[in-house]
Structures are given as C-alpha cells and as structure tokens.
Amino acid sequence: MKRIKKIKYYIIPLVIIIFIGCDKDDATTETIIPFSEISVYFTSESVEVDRLRSEPFTVELRYEGPKINLPIEIPYTVSYPNENSAIEGEDFKLSKSRSFIIDKGEAITKVVLLQQVINNENATENRSLRFELQTTNGITIGNSSSEGNLITVTIPPFKPIDPNDPEDFIGDKKFTLSEGGSTFKIPYFSNREDIRDTSNSNIARAIIALHGSSHTAGNHYNNMLGAANLESANLESILIVAPQFVGEEEIDEFSLDEEHLYWSGTGWRIGFTSLDEDSNPREEQISSFTVMDSLITKLSEYPNLEKIVFTGHSAGGQFIARYSASTPIVENLNSKGIDISFVVNNPGTYTYLNNKRKVLGTENTFAVPSASAIESCPEYNEYRFGLDDLPFYLREIGGADVYRDRLQQRKVTYLIGQNDNDTSEEATSINSLCEAILQGNDRFERALNYFDHLQDFYGTSILENQKLQIVPGVGHSSQEMYQSDIGRENTFRN
C-alpha cells in the first residue's frame, strides 16, 4: 500500500517546486510558486451542532492557490473561550489528530471538528469551544480580509427524547428492503449517516442494539453509544445500529407512509410476519427475522468488518435469543471471516427446546409438568414458550430440529440483572401468563432455570459456546445492563 505523502517544508527560500509531468523523452519542467500565493481558512466563523447528531461533525476548509497534486497538513489548536466552555468527554470527543488535511487538488475540503457529540444531560446552557488554524511553513492562514483563522463551535443544552415527537421517537434513518416487487422500510438510529453506504473501510465491529416492548429505539441507541464512550473504544471503527420495529399505533400516530412495515405487540419479538390490516394495508407480510437477515447481509458488505454483535434488552432480548437459533445467515457470514455473537439481556421469557420444565424445589431436575398443570396451561409449550406450532419463518428454515441444532452452535451470552426479580405491578411489564410462570416467577429465576435447561438438554457441551452471567446491582434497565463492565466486555471486547 503506497504511503500518502504530505507536503512538508524544511528549506529556504520558502517556495514550492512543482514538477509537471511530460512525455518520457521530454525534459522535466519546474514551476516556482511563492508561499504568498497560498492561503487556507475556515469558510465559517461560527457554527452550532445538534447534540443528537450521530455522525462526526465536519466543516469546510478552503484552499486558495495553485493546484497542487499532494495533500497539505495544517495544524490547529483547541481553546475554550468563556465560562460556559464545552467539556471534552462530557459534551464531545475530538479527533485523535491535531491537524487537518487539505485534499490534493481540492479547493474545499470537509474536515472533522468533533468526532462525536454527546447528549450530556448536565448541560443546561450553550457550551462552546474554538478551533484555531496555526501558521505552518509560511502558508497564509486566513482569507484576504484576514478572517477565517478560527471557528467557534456552540453545543446547545441537553435535549431529552420526546416520545410524542416523531423526529425524536421514530428513527431518523430508514433501512429499505424489497419483497415481492415492492419496497418496504423500517426506521433505525445509527452513528453513521446511512448504513447502506458500505464503503467505510474503518468499520471493524457492528453492534445491533434492539429495543424493548415500548419500541424506544432512540433510547437504546443512546444507551449503547454511552457504553461505547465508557469503553473508550475506537469509535471510528464501530458501527452502532438500533433498528425499530413499530406497531400500528406508531403508523397512525406519526403518519408513517405505506412503505413502513409494522407488527403486533409480541409478533416482532418472536419472528412473526408484519401486519396487513384494512386500516393500514400492505402488499406483503415479512417476518421480523427476515428483516434482520436483510440488515446484517447489508452490513456484511463493509470491506473490513470483522465482528457483528447482536444485543437486546427485555423484549429485545427475547428477539435476540430466538433469532440466534433461527437465522441461517451466521454460517454465510462466518465464511466471509465475520464473527457473530449474541448478547441476551433480561428477557421475560425463553423458548424451551422440549416440553420439560424445571421441577419446583429442585436444582437441576426437569420433567413434563403434571397433568393438572397442563390442563390449567395447555399451550405452555407453543412457540414462543416452546417449539410447538411454529411460525412461517421457523418452518421455512427446517423446523424445531434445525432450531435446536443451530442454537447449540451459536455464540450466545445470557446476561441477567441481579435485581431483576420484581414481580409487582410496578415492575416493567413482566409476563405473568401461566406459560411464563412455568419458566419461573421472575426474570432472574427464569434466566437461571433456562440456562439449567440448556445444560439438561445439550449436556455440558453447550458451555463451549454459551454462558450465563449475572450483572451485580442492576435491575430491569437497558442503560445499566449495556453500560456495566460485564455488558461492555461482551459487546466490545469479545
């Protein structure tokens, strides 16, 4: 790979010698350009950046002078002009570099001022910082009016997400897919402008964070982005995507067009097909698992992608657990050198692999429930609680046996909050159906019982690919789960 050369000036007089290529039989011509003819400056004196911005924040840098077929490096300094100064690590993250590169042959180049803007809830007023270009080797800094040598960046106060504002609640980006000759889409949040632009060679790890029953994908995106900040990971190499599976209520409330897919309250989390109601007709019905297959197939096109981590909390955890055992895409991506892992956070229910459940009062004994228990709960083993009466997607992949075989091969980590054991009405919508109660009284108990079930069904070989970890001091909170050390370890380090 050729090393990019940057123009550096070490000799006097201060001139640039440009070699103009000729035919090989011709003599080389030298053109002498005084530095006084070269100037570099910002095209704006002040800018304001949105705290909810997901992409790095860029501004324009102008070059005036003869066309040069090499990049130019301009150093800069950062200062804080007043008492309401922005705070690095709380309001923003800077690029690692302390210089801008003027692209060769370009009059205007977009340069990154802020690698990331942080929605800091402690920021109650505007906060600012200033970038100043530094003189380098005689190049004039500023325009003909002696302006443009510095730019002031203002970051406004914290902006909470408003669930009634479609610009806040509904994902600001849309992922499209085609089915039956029609185009459909789902919303998503991301730290990249458009995940369909897979030309970014910096991306090495993609994290898909899935929301819970309230469809608050924006909150999950922010919580995962906060985890990335805490991890101090190289954000340039990380792609975060928070897809949003909306219901009909969001279609109506936010006037989403007919291309938006929508699901029932429980349907999206277990791979059911999207809805086609008279009130909101759709030409096709698509499994939420099919949508996810399309999404990760697109992500696999990033040229240097090495890892995809699926993580979800509560209902999102239910989706991840079932999808991990269903999708055929994992092997396809493994063959491309992309590793796939699944992190299941605090789900309310699990899909058991047979019709046995843990016998109350025992540590590791599983048996078919009593006749009276089955009579009281005859659908206890139907899909989503078991593998009876499977939906279309699971039938298409080969049914229950394929589900069982795939789950054993998948890398899955089950995380459960130590304090996620609340069964009161104030608890966050824990499933109290008899089918769920047969799995345990609360989420914490259900997690332990299910992992015991995996070992009872597969034997200890399941421990080669899967593990259960308890997150100390955490209840039913996606933010605390994602941002815990155990959560970050399984998302960013494994």
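Author: Helices and strands here are DSSP runs, numbered from the N terminus. Keep in mind as we go that this is a predicted model.

Reader: Thanks! Let me try that on one residue: which strand holds S128?

Author: S128 sits in strand 10, which covers residues 127-133.

Reader: And is S128 buried or exposed?

Author: Buried means under 20% relative accessible area. S128 has a value of 7%, so S128 counts as buried. Beyond its neighbours within four places in sequence, S128 is in contact with Y80, P81, N82, N84, S85, A86, T152, V153 and T154.

Reader: Now the cores. Which residues touch the most other members of the largest nonpolar core?

Author: The general idea is that in soluble globular proteins, nonpolar side chains tend to be buried together. In this model the largest nonpolar core has 64 residues, and I308 and F310 touch the most other members. Setting aside residues up to four places away in sequence, I308 touches A206, I208, I296, L333, I338, D339, I340 and S341. There is also a second, separate core of 30 residues, with I68, A86, L133 and I151 among them.

Reader: How many cavities of 30 Å³ or more are there?

Author: Rolling a probe the size of a water molecule over the atoms shows where empty space is left. Here the count comes to 2 cavities of 30 Å³ or more.

Reader: Which residues line the second largest cavity?

Author: Its lining is made up of A321, R322, T349, Y350, T351, Y403, L407, Y414 and Y450. Helix 5 (315-326) and helix 9 (400-409) are the elements that give two or more residues to this lining. By class, the lining has 6 nonpolar, 2 polar and 1 charged residues.

Terms used
Residues are numbered from 1 along each chain as its sequence is written. This is a predicted model: local features need pLDDT of at least 70, side-chain atom pairs count only at pLDDT 80 or more; totals for chains, interfaces and linings use all residues. Side-chain values use heavy atoms; hydrogens and water are left out. A nonpolar core is a set of buried Ala, Val, Leu, Ile, Met, Phe, Trp, Tyr and Cys residues joined through side-chain atoms within 4.5 Å. Buried means under 20% relative accessible area, exposed over 50%, partly exposed in between (1.4 Å probe, protein chains only). Contact means heavy atoms within 4.5 Å. Helices (H or I, at least four residues) and strands (E, at least two) are DSSP runs, numbered from the N terminus. On a 1 Å grid over the protein atoms alone, a cavity is a set of points where a 1.4 Å probe fits but cannot get out, and a pocket is an open set with protein on both sides within 12 Å along at least five of seven lines; lining residues have an atom within 4 Å of a point. Grid points are joined across faces, edges and corners, and a volume is the space filled by probe spheres set on the points. Ala, Val, Leu, Ile, Met, Phe, Trp, Tyr, Cys and Pro count as nonpolar, Asp, Glu, Lys and Arg as charged, and the others, Gly among them, as polar.
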